[in-house]
Amino acid sequence: MNKKGVLIVISGFSGVGKGTVVKKLIEKYQYSLSVSATTRAPRPGEVNGKDYFFKSVDEFRNLIDYNGFIEWAQYVENFYGTPRKFVEDELAKGSNVILEIEVQGAMKVKEQYPDAVLIFLTAPDAVSLKTRLEGRGTEDAKVIGKRLKRASEETEDMPFYDYLVVNDDLDTCVDNVNAVIVAEGFKTANNKEYISKTKNELLEIRKEILS
């Protein structure tokens, strides 16, 4: 059955392990990960087209003008965006594409791609989230406080997501996310071409029998 791929948007609280879950999904289930474009300089070891599509500011602005991004934003002095062509080419090939983006970007994606599957990752509870943030050992109490405040704000957007998946055990979380995506692929709305093709074939076979 030849069908279009599923566009999956994964968001979640800071410290919930989004990056690790996405990495495992790609390793275990061979999903395509959308590569973001950015105007920041490459860091040591980063490869153009693999880690990011590195663009000049003029190149980035041209893509904005030509509607080349599904969503984009400016952080400090750099631009970041999700290239439309890469995503649509992968979906057309039948690949399931993952976008790991924050809440505002996810809402922009849903506006343009109503069939996109929005999955929000969360910790088992607020105490677990606080413990994970502290466990990083890279941020002081003030920064952790800001991240927890941001998380409380993001709960307002959680009802707009299609699925909520708890990341308690990593392997279980990865398998649960995959199960959601597999189920989406079997929805009748995602198999319209198959339904139409089957209808036409049945009519042709009936015609042959009656002729």
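1. Arg150 is partly exposed in this predicted model, its relative accessible area being 30%. The side chain of Arg150 takes part in a salt bridge with Glu153, at 3.4 Å from N to O. Arg150 also meets Glu154 in a salt bridge, here at 3.6 Å from N to O.

2. Both pairings fall within helix H6. Glu153 and Arg150 are three residues apart in this helix, which spans residues 141-154, and are thus separated by about one helical turn. Glu154 and Arg150 are four residues apart in helix H6, again a separation of about one helical turn. Salt bridges with shared partners join Lys149, Arg150, Glu153 and Glu154 into one network.

3. Glu153 has 34% relative accessibility and counts as partly exposed. Glu154, at 8%, counts as buried, because the cut-off for buried is under 20% relative accessible area.

4. In total, the structure holds twelve salt bridges. Side chains of opposite charge can pair when their charged atoms come close. Another of these salt bridges is formed by Lys28 and Asp175, with their closest N and O atoms 2.9 Å apart. Lys28 belongs to helix H1 (residues 18-29) and Asp175 to helix H7 (residues 170-185), so this pair ties together parts that are 147 residues apart in sequence.

5. Ser11 is a separate matter. This residue sits in strand E1, which runs over residues 7-12. Ser11 is buried, and its relative accessible area is 1%. The side chain of Ser11 makes a polar contact of 2.7 Å with the side chain of Tyr161.

6. Which residues does Ser11 touch, leaving aside those up to four places away in sequence? The contacts of Ser11 are Lys18, Ile101, Glu102, Val103, Ala106, Ile119, Phe120, Leu121 and Tyr161. Tyr161 is therefore both a contact of Ser11 and its side-chain polar partner, while Ser11 itself is buried at 1% relative accessible area.

How values were computed: Residues numbered from 1 in each chain as written. Predicted model: local features only at pLDDT ≥ 70, side-chain atom pairs only at ≥ 80, totals over all residues. Heavy atoms only, no water. Helix = DSSP H or I, 4+ residues; strand = E, 2+ residues; numbered from the N terminus. Buried < 20%, exposed > 50% of the residue type's maximum accessible area, 1.4 Å probe, protein only. Polar contact = N/O pair within 3.5 Å; in protein donor to acceptor, adjacent residues only side chain to side chain. Contact = heavy atoms within 4.5 Å. Salt bridge = Lys/Arg side-chain N within 4 Å of Asp/Glu carboxyl O.
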